Each structure stands twice: as C-alpha cells, then as structure tokens.
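Welcome! Take a look at the sequence and the structure below, and then we will walk through some of the features together.

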Amino acid sequence: MLAALCIVHCASCFVFADDVEFRASAPSQVVIGKPFQLTYSVNQRSRNLQTPDLNGFEVLAGPYTSTSSSTSFINGKRTSSFSQTYTFTLMPTTEGSITIAPASIQVDGETYTSNGIKITVLPADEEPQQSVPSSQQQSSRSESAQSSSSGSVSSENIFIRTVVSKTRVHEQEALLLSYKLYFAGVDVAQFTNNTKIPEFTGFLKQELEQGEIQTELEHYNGRNYQTAVLYRTLLYPQHAGDIKIDPASFEAVLRVQTRAQVRSIFDDFFGSYTNVTKALTAPGVTIHAEALPGGKPASFSGAVGQFSMTPSISSTDLKTNEAVTIKLDIKGNGNMKLIKTPAIEWPEGFEEYDPKISNNFKTSANGVSGSKTIEYLAIPRAAGTYTIPAVQFSYFDTESGAYRTLSTPEYTLHISKGSGDTEETVVQQYTGTLKEDIRQLGTDIRYISSTPLRYASRSSKVTSNRVLFFYLVPLLIAIILFIAFRRRIRENADIARVRYKKANKVAQKRLKVAQKLLSENNKTAFYEEIERAALTYLSDRLSIPTAELNKENIASILREKGVEDDLIADVNDVLSTAEFARYAPSSGHAMDDLYTQTTNLINNLENQTL
C-alpha cells in the first residue's frame, strides 16, 4: 500500500531512564493465525532480556538479535548512536484484546523496564460458502485474478460505508457521521478531487479536522479489511421527523497489476502495473429526530446537551456611576454554538450595556465542548438598595431525557451616593460641560452696571451700551444653550426613545459592513453581521434587550403591534437563514439574496408604527 494510506499503527511508547531508552513495539491489530513481529530495542549494549508470559501467542521464532551503530562529524562535533534489537515472531492463538506486560533488560548492571503493549486479535477471514467442485473454485479464482489484472476491481474488495453514531436522536442533539473506506487485496494509490458530499439538508453541520489519513485493520462481514476514515462531521437535526441524508460519491485511483501477452521470466518476477479509477458510492442514511418534549421552561432557548453554570459578581457595595459586572461561565458538551445569551433584569436607574461574550469551544468526535463566558455590565445612576433577580439557563439533558434549569443567586446591591449625579454625568457625556460651568455663566450678570442711563453722558451711554452688549448677548446665548442642552438631556435620558430613533441608522451601518464582507466572500462574518443587524434593529425598535430576543417573542410582539403575518414571516425567515447558514454550506447567490431580503425587511419595518 502507498504511504498516503498504509500508515502502520504500532502500540509503542518510550521509557527513559537516564540516557537509556528501552521500548517494545508491535502492530496494534493482528489476525488470528497470521504471524507478526514483536520487537524490543535499546540504545545501549545490554544483556539478560527477560520477556513476560506471552499468553495468547505462540512463539514461532526468536529472539533474533541485531546491532547497529553510526558515527558522524558535524562542524567538528562527533556524534554517535547505537541500537540493539531483539525480534520475536509470534502467532496469535486467541481472539480479543490481549495486553503484553513490560519486559526487563540489564544495561551496565542496572535493570530497565519497557512499556506494555495492547494488541487486538481479529478473527480470520471466513471461507465463502460454495458447493462447486474444487476444480471449479480454482477456475473461478483464476478468472477473478484475470479480471483484477485487466483492471476490473470487485466491489467486495473496496467499498465505502456511511457510519453514523446514532440513527435516533432528539432535535439539536449531535450525531457523528463518517465515510469509511474498506479495502482488501487492492492497492489504493490516491483519491481524486471528484468527491461529492451531500448538503445535509435539515441539519446544522460542524466538520471535524481530518488530518493525515491513517489505516487500521477491522473485521467486517467475515473478512478483514484495511480501513481509513475519509470524512467526518457532526450533525445537529433542526426539526423533528425522518431526515434523509443523500449518498456521497468518491473516486479512488487503484494500482492494478497487469500481464503482458508475451510473457518472460522478468514479467513473472516484476510484473507491470496500471492505474485504474474506481467510482465509489457511500449509501444514504435516514436519521429519525424526536421532537423535544413539552413543558419547556420559560428560560429554555434551544440548548441541548449537558451543561453547568458558574455565576459571579464584581461587587454588591458600590457608589453611583460605578460599574457592576455579573459573569456567567457556562461549560459543557452539546450545541454550544447555538446557546442564546440569558437575559438579566436590571432595576430602574441602571444603565446597561451589551454583554461581552467569549467562546472557547473544542470540536471532537464526541461533539462540541468547552465554555461560553458572558459578562454583563451596568452602571447605577441613583443611590439605594436594589435586587437583581436570579438569572436562569435551561437546557434539555440528552442523558436523562428531561429539562434542567440552572440558576444564579438573587443579588442585592447597596448603592451609596457617589461624586456627581446622573444629570451631570449625562451633560458631560453629550456636551463636555459641567453644570457648575453653566451656573457660573449666570452669575456674570452681577458685573453689569446698574447706574441709570438717563444720568450718563453720551459717551458713557455708548460705553454702557457696549458693556450691555458684551455681557447681555453672551448671557442670552448661555441661556439658550442651557435650555437646548436641558432638552437634549431629557431626550437622551430616555434611552429607549434614543435607540428607537436611531435604529435605522445603526442597522444601515451594519448592512454596509455586511455588504463589504459579501464582496470579500467572508461567509461566516457576513452571516453574523446580517443576524446582528436584524436583531439590533428589532431590539431598538421594540425596546427589548438583544439578549431577550428570540424568534418566538419577536413574532408575538410584532403581532400585538398589528404587523402583518407576511412581514412577520419575513423576519423569521431572515433570522433562521442567517443562523442556519453560519454552520451550513451556502452559495454566493444565497448570500446576495439574504442581503437583499434583509435590506427590504428593515425598510418595510421602518414604515410600520411600532
């Protein structure tokens, strides 16, 4: 077999003691009745090798001892190496998993121990059940050999299976799908690029890193095959019912031996080879997804798996205008990328900010595991004692088949009076001017002369008019600015109204970013920006925190406000498509359509009275 596929697995490791390296190695899978070699190697001159009892194996030969050494000079530096090897030829006599205990050896009077080895012994190939005479069997084998030599390869010698970890799962529960190659009696040279993987419609897909293809022995349908996993992915069913996965197509290049019409002794010895392209099809499979049971908790937003949650708070004793942070650390295994951010009900008088989310996920054959850290930040603007209700996170536990709810404690915050009040802070935020500065302008009127003008001379009248102009005009400007600022402060104090008025402007900025990502064909970032644009717009227009938004309550609120069902369906379609496409394959044409659909949706909602 070629190196691309036939990478032999050896159950081996290294044991170091000072400068002595003593190791045992053997194949990790063998076939009963077929010999293999067990090797012990040491990098120093040694003696008195003591091997363990080799129960389950018959020693056919050995140990054969060989030594090798080498010396080299590099940049005037001398380096040397030495290796002594003991080789046994064994034949397994018992099927199953067998562990060979460590061996021992002496080097310079010291005893060193090797590693142990675990070997899986597979059954022998079953003989085909045939009732034809032996002469006909021999003829059949000859014809099969000629067929193979002429470039035809039997589907019994090479095929691909579609292997799934489960065929019955719940919605959003992960299953592992693999396309596994089986081959025996053929030489696989390479795989072509003509591979067609199905779209996995009805699933969210999370591909696994393949790495270098490795092979191992497997006993399947009465025969031992070399196997290699060609493709693996995690699938999350998005709806209940039977979901069909279409067949997959592969092409392999096989190296087949051919025979010449005029044969010579060299043809018999060397033979000649040709490359043959073999089309392989992995069969389709049907997955049955069970609907999640009823009685969903109010805080359930679609999380499926096993999770834990650790809450923390920065402080419960603060002053006004000091920030408080609540952190949730959600860990576990499941559809972690689809976990919605739980909502916190901040008391009146707290200015809240969008949560900061940090994801640390690891994808393996067992699913997606890791942690999702959410930091909520708010600033109290008024003194007093406040209570923050418990934050709940619910998920469906696939092991127990029931819903679980995790909860934080109820936090009581003691807020004392800090330096500066809310109004002053807002003034600084929008004007950069303190209230003391504005009040000081008002006291400047004390310097205006109070002498009656009718007793002044003409020149003094002119001077008084100038004084009045230079003092009264700035005072009037200050009063006008103060009134304007007060009005602006009152408007900005109503944060919900400010966000409502600026919703379209913010959404258009996000759509411009999405358009740039579309031109760069950055699919993941594009779909994230589209989803963020739609959710941020709806959050601002409906005066609901983004963390509390989901497709169900969005539809409910829009219906209460008299929005037509067609427009509500468009909202749901945009959010579902963006969420789905972040993890599923899609074309550039689909990205263009979604961008246009989102732009039209926001324009249509802008014409609604919400």
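**A first look at the chain**

The accessible surface of the chain comes to about 34600 Å², and 48% of that surface belongs to carbon and sulfur atoms. Keep in mind that this is a predicted model.

**The chain as a whole**

- The secondary structure consists of 10 helices and 32 strands.
- The chain has 610 residues, and buried residues make up 36% of them.
- Take the contacts between residues at least 6 apart in sequence: 72% of these join residues at least 24 apart.

**A sheet of 3 strands**

- In what order do the strands of this open sheet lie? The order is E5-E9-E10, and the pairing is antiparallel.
- Strand E5 (47–50) and strand E10 (110–113) are the edge strands, so each of them pairs on one side only.
- From one strand to the next, the twist averages 25°.
- As a reminder, strands of a sheet pair through backbone hydrogen bonds, and they do so either parallel or antiparallel.

**How the strands pair**

- E5 and E9 run antiparallel and are joined by 2 bridges. Look for Gln50, whose bridge partner in E9 is Ser104.
- Strand E9 (residues 104–107) is joined to E10 by 4 bridges, and these two strands also run antiparallel. Here you can find Ile105, whose bridge partner in E10 is Tyr112.
- E9 and E10 form a hairpin with 2 residues between the strands. In this hairpin, Asp108 takes a positive phi near 50°.

- Phe469, Phe470, Tyr471, Val473, Ile477 and Leu481 make a nonpolar surface patch of about 580 Å².
- Where is Ile477 placed? Ile477 lies in helix H5, which covers residues 458–493.
- Why does Ile477 count as partly exposed? Its relative accessibility is 46%, and partly exposed covers the range between buried, under 20%, and exposed, over 50%.

Terms used:
Residues numbered from 1 in each chain as written. Predicted model: local features only at pLDDT ≥ 70, side-chain atom pairs only at ≥ 80, totals over all residues. Heavy atoms only, no water. Axes fitted to C-alpha atoms, helices over the stretch in contact; angles between N-to-C directions. Patch = residues over 30% accessible without salt bridge, like charges linked within 9 Å, V, L, I, M, F, W, Y side chains within 5 Å. Areas by Shrake-Rupley, 256 points an atom, 1.4 Å probe, with all protein chains shown as cover. Salt bridge = Lys/Arg side-chain N within 4 Å of Asp/Glu carboxyl O. Buried < 20%, exposed > 50% of the residue type's maximum accessible area, 1.4 Å probe, protein only. Contact = heavy atoms within 4.5 Å.
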